[in-house]
Structures are given as C-alpha cells and as structure tokens.
Amino acid sequence: MASTNRTVLQFSSSSSSSQSLSARVHPLVVFNICDCYVRRPDQAERVIGTLLGSVLPDGTVDIRNSYAVPHNESVDQVALDIEYHHNMLLSHQKVNQKEIIVGWYSTGLGVTGGSALIHEFYSREVPNPIHLTVDTGFTAGGGTIKAYVSNNLSLGDRQIAAQFQEIPLDLRMVEAERIGFDILKATTVDKIPSDLEGMEASMEHLLALINDIYKYVDDVVEGRVAPDNKIGKFISDAVGSLPKLPPSDFDKLVNDSLQDHLLMVYLSSITRTQLSLAEKLNTAAQIL
C-alpha cells in the first residue's frame, strides 16, 4: 500500500515533446478492457491492468494483449496484487514468449492522482511504459482511447510532480472488427446484427467512402480543391488493385457467394432445430 501525495500533470499531444514515440493498439485489447470493466467488483470504480505487446523496429509500441490486475484504491492509497500480476505474466509468456510488458491501462478519462504510483511500479517492470486510458462509458457515443508516457519533474534532488504526456495512438481494425467496435460504442442495441446485416452495413460504409472519393476527384478537376499527389497515388493504387471483370461476371460472383452463405445459414438452422428436438425427446424418454 502506498500514499498518493504526488502532483500529476496531464498534457495533450499538442506539445512537441515525446512525439517521437507512438503506440498502436489492437481491437482485442479494447474488447478485453471493456469486458473486465463489466465484470469488475461492485465497489470498484475503475479497472487497471497490464498491457502486453512488443516494440517495433521504428519505435512504435505495438499493444496486442492485456489482462486485468486486482487492486484496491482509496482517496490517498493504491494497492496492487503484484503476485497475481506476475503469475498472469508467466502464464501469457508460456503461450507467446514474444509478448512482453509494454505498459498498463486504466478505465476512465485521463489520468488521476493514483496513476503516478501505478506508473512508477510499471516503470520498474519495463523502461518507459505506456499508460492507456479507455473511456468505457463511451461518452457521447464515442470511445475515447488515449496513450501517455510519464516524466518526473524534479527540483534539485526532490521529485515534485509526474508529467503525463499524450502520444499519438493508432487504432487499426479490419471491417469485421470495426462493426463490432461500432456496436460496442452504441452502448444500447436491440440485438447483435446478423452476417447479412453486417454485410449491408459494410456496403453502405464502402459506398459512402466511394462517394467521398468521387466528390474529391470532381473538386480537383473543377479547381475547387488543390490536388494532393499522395491522395492521387492512393486512389490510383486502389483502382489498380480491382480485378478487371465484366459487370455480368461480377454480379454472378457476388450472387454465388451470397447463395452459398444463405445455404450455410439454412443448414445451421436445421442443425439447431434437430438438436433441440433430440434434447426434448431425450427429456421425455427420461420422464416416461
């Protein structure tokens, strides 16, 4: 147990310091954190845990996994279950030895008074750890995810404050993960969309992106927007990667794939019905 009598300073990413360091987080980490927050003890206001991953050759911290660490936190004290933390780390490294500690996370917005002490502990585990904050309340329908590094501000030999500096964070997702993340941000949904509904949402999103590209190209051609060579190269690469198929062949390819998918849905429904009937017949036979 340790006291939290330390000043904590939080700075946004607009400052020039620490800009050489950046982080990339995988969606699995965000889902794990949200799941741990839902399962937290009733008296706990937030969840903290360890971030696992690696440091890429360009210096980017790649955050790929995480696990929660039990803790007790009061107004002026913080206590971590260090033994549990080390046991979980050993278990994870038995599965993937390449994953090392890269930092820690906490739920909520920004850093708090106890963050300095927790960060000091992880600084003994790994040099320059990342502190990831996740807004599990998804305020205003958007999940605020930020990453920080910490520097100690000293006056002579005395440390007077801990400065948390925000660093660039990249959250990359494939389309299937994006659909799940959008549902997670909604906080209230009637039901999880089916595969067909997910495909429809993906097609609508793709159509919106194509319309944006059309508008940009028209604006450049008409002289309303200055041309950007990088954007032009991206558009050229995207168009060049498309297969050259006649419209009729493309429609046939999509329809065949859709029919195969519908067939799989139908077969799974029949299987579920058969299992349900077998269970009821077995129950009736035991009663008789």
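What share of contacts in the protein chain between residues at least 6 apart in sequence join residues at least 24 apart? I looked it up: 65% do, with contact meaning heavy atoms within 4.5 Å.

**Ground rules.** I am working on a predicted model, where local features need pLDDT of at least 70, side-chain atom pairs count only at pLDDT 80 or more, and totals for chains, interfaces and linings use all residues. Residues are numbered from 1 along each chain as its sequence is written, and side-chain values use heavy atoms, with hydrogens and water left out.

**Whole chain.** I found seven helices and 12 strands. These are DSSP runs numbered from the N terminus: helices are H or I, at least four residues, and strands are E, at least two. Of the 288 residues, 27% count as buried. Buried is under 20% relative accessible area, exposed over 50%, partly exposed in between (1.4 Å probe, protein chains only).

**Gln-163.** I located Gln-163 in strand E11, residues 158–167. Gln-163 is buried, at 14% relative accessible area. I checked its C-alpha against that of Ala-116, 47 residues away along the chain: the separation is 8.7 Å.

**Nonpolar patch.** I noted a surface patch of Leu-196, Met-199, Met-203, Leu-206, Ile-210, Tyr-214, Leu-258 and Leu-262. Together they have about 710 Å² of accessible area (Shrake-Rupley, 1.4 Å probe; for residues, only the protein chains shown count as cover). Helices H5 (195–221) and H7 (247–287) each supply at least two of the patch residues. H5 gives the most, with six.

**Leu-206.** I placed Leu-206 in helix H5. Leu-206 is partly exposed, with a relative accessible area of 42%.

Terms used: Patches are made of residues with over 30% relative accessible area and no salt bridge: like charges are joined within 9 Å, nonpolar side chains (Val, Leu, Ile, Met, Phe, Trp, Tyr) within 5 Å. A salt bridge is a side-chain nitrogen of Lys or Arg within 4 Å of a carboxyl oxygen of Asp or Glu.
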